[in-house]
Amino acid sequence: MEDFNLHYRFLNWRRRIREIREVRAVHYQERYKRILVDGDILSYHGNSDEVGCYIAPRPLNKENNYFEVCIVDTGVRGTIAVGLVPQYYKLDYQPGWLPHSVAYHADDGKLFNGNGLGQQFGPKCFTGDRIGCGIYIESFDRGMATVFFTRNGKEIGSVVLAVSPDGLFPAVGMHSLGEEVRIDLQAEWGRDEDDSVMMVDSHEDEWGRLHDVKVCGTLLEYVGKGKSIMDVGLAQARHALSTRSHYFEVEIIDPGEKCYIALGLARKDYPKNRHPGWSRGSVAYHADDGKIFQGSGVGDPFGPRCYKGDIMGCGIMFPRDYTLDSEGDSDECIEGAEIKPKQPPPQQQQQQQPPHQVTPQQLQIFGHDPGL
């Protein structure tokens, strides 16, 4: 009788192990609908009237907190969404459309955070672009995850999202014929301090002054009336250019009606309703006519006109002996700093004339455009 009980317990134990394995297999099984999966390639397999959605088998965690999707083909409309969703998210909806999900949509550059109304967030994405999504490691223990998105390796912005009990799973949505992506669930991403100095941050507090301009991620959008010459929008960075951060760029996502976009440098107290370059203490390259304006409302021919997709840049070529006679990076230090060249050692000062004083007007300012 005792041997029979032992045998019964053994069979029951084996059955229990098998059930646990089956549950785990289902728990970590990828889910998809109207998506053709071929290794790491995901392709839309519908009729463009219905959404296709893919959900990865495992949620992001501290050891694997990031994934990337490379757009192989945008198809007819490029309606590709990349983001995070709960485990049992409905596969008939794009990621970001339903509660407790968030996604960056490639066709319009909008962020969808739990509803069908997106907010402008970043640039549109095309064939060859890489869209990344991850969770900051330090936010895993807080119950509220800070989800960030990247485009071609550079961070666009972030949003805080409540974490479901089962975690947040990588998801890709598609909605038109021909769309195809390559997914990398083991991708790695890290913030490079040297590169981040040159990037425009996604937070509004990085801008010192904003007038009739709305900030959404790294996107600047004009929200003024645009009816007269006084209806100018201005976005001025909080920190001045320096030897460590001497250059910045702007990509034209939408030129609007007349492409009245100006890129340049201006003094800290520059008038908020004047284009850079129009008033004293400023210089700017204007996209609509390719002219450069230097403290005057009359511009001079300088370069080509700029259009949608063009990248305009501006920077300062500092002299090799350029220094600031102050310490620290605050605006107050920069305002009161004396600009002067490096001084030679004391024994050399007696053998040569004092170096020429360098003034801000002598700093060479340069512009950049792909057509130049």
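This is a predicted model: local features need pLDDT of at least 70, side-chain atom pairs count only at pLDDT 80 or more; totals for chains, interfaces and linings use all residues.
1. Strands, as the term is used here, are DSSP runs of E with at least two residues, numbered from the N terminus. By this assignment, Arg 34 is found in the loop between β1 (31-33) and β2. Arg 34 is not a glycine, yet its phi is positive, at about 60°. Most residues other than glycine have a negative phi.

2. A second residue belongs under the heading of positive phi. Asp 212, also a residue other than glycine, has a phi near 55°. Its place in the chain is the loop between β15 (207-211) and β16 (213-216). Is Asp 212 buried, exposed or partly exposed? Because its relative accessible area is 30%, Asp 212 counts as partly exposed, the class that lies between the limits of under 20% for buried and over 50% for exposed.

3. Regarding overall composition, the protein chain contains 4 helices and 27 strands. Of its 372 residues, 38% count as buried. The accessible surface of the protein chain comes to about 22000 Å², and carbon and sulfur atoms hold 50% of that area.

4. Seven strands form an open sheet in the order β2-β3-β14-β5-β10-β11-β12, and the pairing is antiparallel. Its edges are β2 (35-38) and β12 (154-162), each of which pairs on one side only. On average, neighbouring strands of this sheet are turned by 20° against each other, direction ignored.

5. Strand β5 covers residues 66-74 and strand β14 residues 179-184; they pair in the antiparallel sense over 6 bridges. Thr 74 stands opposite Glu 179 in β14. In general, strands of a sheet pair through backbone hydrogen bonds, either parallel or antiparallel.

6. Finally, the nonpolar cores. The largest has 32 residues, and those with the most contacts inside it are Leu 42, Phe 67, Leu 84, Val 147, Phe 149, Val 172 and Met 174.

Notes
Residues are numbered from 1 along each chain as its sequence is written. Side-chain values use heavy atoms; hydrogens and water are left out. Two strands pair if DSSP finds at least two bridges between them. Axes are lines fitted to C-alpha atoms, for helices over the stretch in contact, and angles run from 0 to 180 degrees between N-to-C directions. Buried means under 20% relative accessible area, exposed over 50%, partly exposed in between (1.4 Å probe, protein chains only). Accessible areas come from the Shrake-Rupley method with a 1.4 Å probe; for residues, only the protein chains shown count as cover. A nonpolar core is a set of buried Ala, Val, Leu, Ile, Met, Phe, Trp, Tyr and Cys residues joined through side-chain atoms within 4.5 Å.
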